[in-house]
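Welcome, and thanks for opening the viewer. Let's take a walk through this chain, one selection at a time.

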Amino acid sequence: RMAATLCKMPDFANVGDSVCGNFYYLQPDRFYPIQWEDWERYYGQWDNDESTFSLSYGLHFWNFMNKAQRKVTAGSNTVAEHLFMKYCPVTYHSLVKRGTS
């Protein structure tokens, strides 16, 4: 509410992020490059295309949608495995390589 009082809320129809004082309004794609409807893409085969994630600061894996409890498996060459290996190597080695993901 304070941000709305001090700053005009941005129109997220445009492409850029917005800043007002110390408030940063980031595009949803910064954290949700794969929308909830497509959450299974994280468990699909990696196609060497990083453009989906190139503007992201973090990722949301939509675990609530994962009713089948899919896991990231070492050597599976999935999108999730690639992202863990590249951006979270400690998590990858401690969870995936040990087989407890």
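Please start by selecting Lys-86. With a relative accessibility of 42%, Lys-86 counts as partly exposed, because that value falls between the 20% limit for buried and the 50% limit for exposed. Keep in mind on this tour that the model is predicted.

**Stop 1: the partner of Lys-86**

The side chains of Lys-86 and Glu-50 form a salt bridge, with N and O 2.8 Å apart. Lys-86 belongs to helix α2 while Glu-50 sits in the loop between β2 and α2, so this pair ties together parts of the chain that are 36 residues apart in sequence. Glu-50 is partly exposed too, at 28% relative accessibility.

**Stop 2: the other salt bridges**

How many salt bridges does the structure hold? There are three, so let's visit the ones still to come.

Select Arg-30 and Asp-17. Their side chains meet in a salt bridge at 2.7 Å, N to O. The two ends come from distant parts of the chain, 13 residues apart: Arg-30 from the loop between β2 and α2, and Asp-17 from the loop between α1 and β1 (18–20). Is Arg-30 buried or exposed? Arg-30 counts as buried, at 15% relative accessibility. Asp-17 is partly exposed, with a relative accessible area of 30%.

Next, select Glu-40 and Arg-70. This salt bridge spans 3.4 Å from N to O. Both residues lie in the loop between β2 and α2, yet they are 30 residues apart. Glu-40 is partly exposed, at 41%, and Arg-70 is partly exposed as well, at 37%.

**Stop 3: the whole chain**

Zoom out and switch to a cartoon view. Of the 101 residues in the chain, 27% are buried. Among contacts between residues at least 6 apart in sequence, 44% join residues at least 24 apart.

The chain averages 82, and 85% of the residues score at least 70. Which element has the highest mean pLDDT? Among the elements of the chain, α2 does, at 90, while helix α1 (residues 2–6) has the lowest mean, at 70. Where pLDDT is low, the predicted coordinates should not be read in detail.

**Stop 4: helix α2**

Select residues 79–87, which make up α2. Its buried residues are Val-79, Ala-80, Glu-81, His-82, Leu-83 and Phe-84. What do the buried residues of α2 pack against? They pack against α3 (89–96), so show that helix alongside.

**Stop 5**

Glu-81 counts as buried because its relative accessibility is 4%, under the 20% cut-off. A polar atom of the Glu-81 side chain lies 2.6 Å from the backbone nitrogen of Gly-75. Leaving aside residues up to four places away in sequence, Glu-81 touches Val-72, Thr-73, Ala-74, Gly-75, Ser-76 and Tyr-92.

**Stop 6: Thr-78**

Now select Thr-78, in the loop between β2 and α2. Thr-78 is buried, with a relative accessible area of 8%. Its side chain reaches the backbone nitrogen of Glu-81 at 3.1 Å, which brings you back to the residue of the previous stop. Turn the view to see what else Thr-78 touches: Tyr-42, Tyr-43, Gly-44, Gln-45 and Trp-46, not counting residues up to four places away in sequence.

**Stop 7**

Tyr-32 is placed in the loop between β2 (23–25) and α2 (79–87). How accessible is Tyr-32? Tyr-32 is partly exposed, with a relative accessible area of 34%.

Terms used: Residues are numbered from 1 along each chain as its sequence is written. This is a predicted model: local features need pLDDT of at least 70, side-chain atom pairs count only at pLDDT 80 or more; totals for chains, interfaces and linings use all residues. Side-chain values use heavy atoms; hydrogens and water are left out. Helices (H or I, at least four residues) and strands (E, at least two) are DSSP runs, numbered from the N terminus. Buried means under 20% relative accessible area, exposed over 50%, partly exposed in between (1.4 Å probe, protein chains only). A polar contact is a pair of N or O atoms within 3.5 Å; within protein, one must be able to donate a hydrogen and the other to accept it, and residues adjacent in sequence count only if both atoms are side-chain atoms. Contact means heavy atoms within 4.5 Å. pLDDT is the predictor's confidence in each residue, from 0 to 100. A salt bridge is a side-chain nitrogen of Lys or Arg within 4 Å of a carboxyl oxygen of Asp or Glu.
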